[in-house]
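Biologist: Hi! Could you walk me through this one, starting with the charged pairs?

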Amino acid sequence: MYHITGIQQIGIGVPDIEAIWRWYRTHFGMDVPVFQEAAEAPLMTKYTGGVVQSRTATLAINMQGGGGFEIWQYTSRGTEPPAFTPQLGDTGIFAGRIKSRDVVKSYQAMQRAGVTLRSEIEIAPDGWRHFFVQDPLGNLFDVVEGHGWFSKGDHHMGGPSGALLGVSDIDDARRLYTDLLGYDVVQYDETGTFADLAGLLGGDKPVRRMLLTHGEARKGGFSELFGPSQIELVQAVDYTPRRIFQDRFWGDLGFIHLCFDIVGMGDLKAAAEQAGFPFVIDSDSSFDMGEAAGRFSYVEDPDGTLIEFVETHKIPILKKVGWYLDLRKRDPLKPLPKWMLKTMALSRVKD
């Protein structure tokens, strides 16, 4: 049997890791590096033009809770932007969903800092406040009321708690997001034009939108750190959507994948095949990522959006003294002690 521990990270293709990571540290509090590695990506050639590409990557988290950002930069080629400006309803990961302790405080802080705000504070159909913000590369983030905090900190923001994805058919997409990934609770399902989306390109057009969450709390070593999450699916009503990553490589500019931390990769592989979503990439065994290790795989949703799964085998707890944790030697469904995970904060990058 497999278990989804939570959203481990959202992958973001960028042209300059150090510059954008500094921005993410300042405005989102993503200041603890889990790993930093430069290497080739031989298993991803299906999505990199049939050629082994080189890259550098940093996985950064916010210790208050939520998933991470895998900030990913090509070193063997340039980072290509989309040929068009994606609009609401286009298929793929349209916006990252980031949690805030206080949406008003986050909005005011970003407003003072001159960050590009794509909406005012609005009320979503579930009654919660949120707003959209844009990073310097044009990536959109939906800042939402946060739940399931791991620890207290001095930043008003937490980490990723989901994503807004464009799909061509919500009911078909739920075969993956509900049946396989366990987002089985519909928090709303509405069709029309929405005031809280009006500030987005295409936000004046009618869409069907569905917000999904999981009815049962996630289990696993990192489940308390990742916390609860939501997936919002958006389907265009009278607009023919374009694929955000059409004719581009995985790793190019934008949200390249949504990654789930899991337990039981073998069982997940069998279940995914049965559900009609076979693994398109599978490291098959433990894959060394320098300071971390694990087995990873990918599936495509019905519109070709890449969903990654990682079964973590080794993570650095305190790199300065060479303390690495082998998760294969413990109960995989038991949450790691909070004091142990909090030790990772000693690697925090301060600006």
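Modeller: Happy to, and keep in mind that this is a predicted model. Asp-142 forms a salt bridge with Arg-97, with 3.7 Å between the closest N and O atoms. That pair ties together distant parts of the chain, since Asp-142 belongs to strand S9 (residues 140–145) and Arg-97 to strand S5, 45 residues apart.

Biologist: Is Asp-142 buried or exposed? And what about Arg-97, buried or exposed?

Modeller: Asp-142 has 2% relative accessibility, so it counts as buried. Arg-97 counts as buried too, at 9%.

Biologist: How many salt bridges does the structure hold?

Modeller: It holds 13. One of them joins the side chains of Arg-77 and Asp-252, at 2.7 Å from N to O. Those two are 175 residues apart: Arg-77 lies in the loop between strand S4 (68–74) and strand S5 (92–100), and Asp-252 in the loop between S13 and strand S14 (254–263).

Biologist: Why does Asp-252 count as buried? And how exposed is Arg-77?

Modeller: Asp-252 counts as buried because its relative accessibility is 1%, under the 20% cut-off. Arg-77 is partly exposed, with a relative accessible area of 24%.

Biologist: Which residue does Arg-295 meet in a salt bridge?

Modeller: Asp-282, at 2.8 Å from N to O. Arg-295 sits in strand S17 (residues 293–300) and Asp-282 in strand S15 (residues 281–282), 13 residues apart. Arg-295 is buried, with a relative accessible area of 14%. There is also a network in which salt bridges with shared partners join Asp-171, Asp-189 and Arg-208.

Biologist: Let's switch to strands. Why is S12 largely enclosed by the rest of the structure?

Modeller: Because 7 of the 7 residues in strand S12 (residues 207–213) are buried. Val-207, Arg-209, Leu-211 and Thr-213 point one way, while Arg-208, Met-210 and Leu-212 point the other way.

Biologist: Which strands pair with S12?

Modeller: Strand S11 (residues 185–192) pairs with S12 in the antiparallel sense over 7 bridges. Strand S13 (residues 230–236) also pairs with S12 in the antiparallel sense, over 7 bridges. Take Leu-212: this residue is the bridge partner of Val-186, and it stands opposite Ile-231 in S13.

Biologist: Nice. One last thing, where is Gln-134, and what does its side chain make a polar contact with?

Modeller: Gln-134 is in strand S8 (residues 129–134). Its side chain makes a polar contact with the side chain of Arg-118, at 2.6 Å. Leaving aside neighbours within four places in sequence, the residues in contact with Gln-134 include Trp-23, Val-115 and Leu-140.

Note on methods. Residues are numbered from 1 along each chain as its sequence is written. This is a predicted model: local features need pLDDT of at least 70, side-chain atom pairs count only at pLDDT 80 or more; totals for chains, interfaces and linings use all residues. Side-chain values use heavy atoms; hydrogens and water are left out. Buried means under 20% relative accessible area, exposed over 50%, partly exposed in between (1.4 Å probe, protein chains only). Helices (H or I, at least four residues) and strands (E, at least two) are DSSP runs, numbered from the N terminus. Two strands pair if DSSP finds at least two bridges between them. A polar contact is a pair of N or O atoms within 3.5 Å; within protein, one must be able to donate a hydrogen and the other to accept it, and residues adjacent in sequence count only if both atoms are side-chain atoms. Contact means heavy atoms within 4.5 Å. A salt bridge is a side-chain nitrogen of Lys or Arg within 4 Å of a carboxyl oxygen of Asp or Glu.
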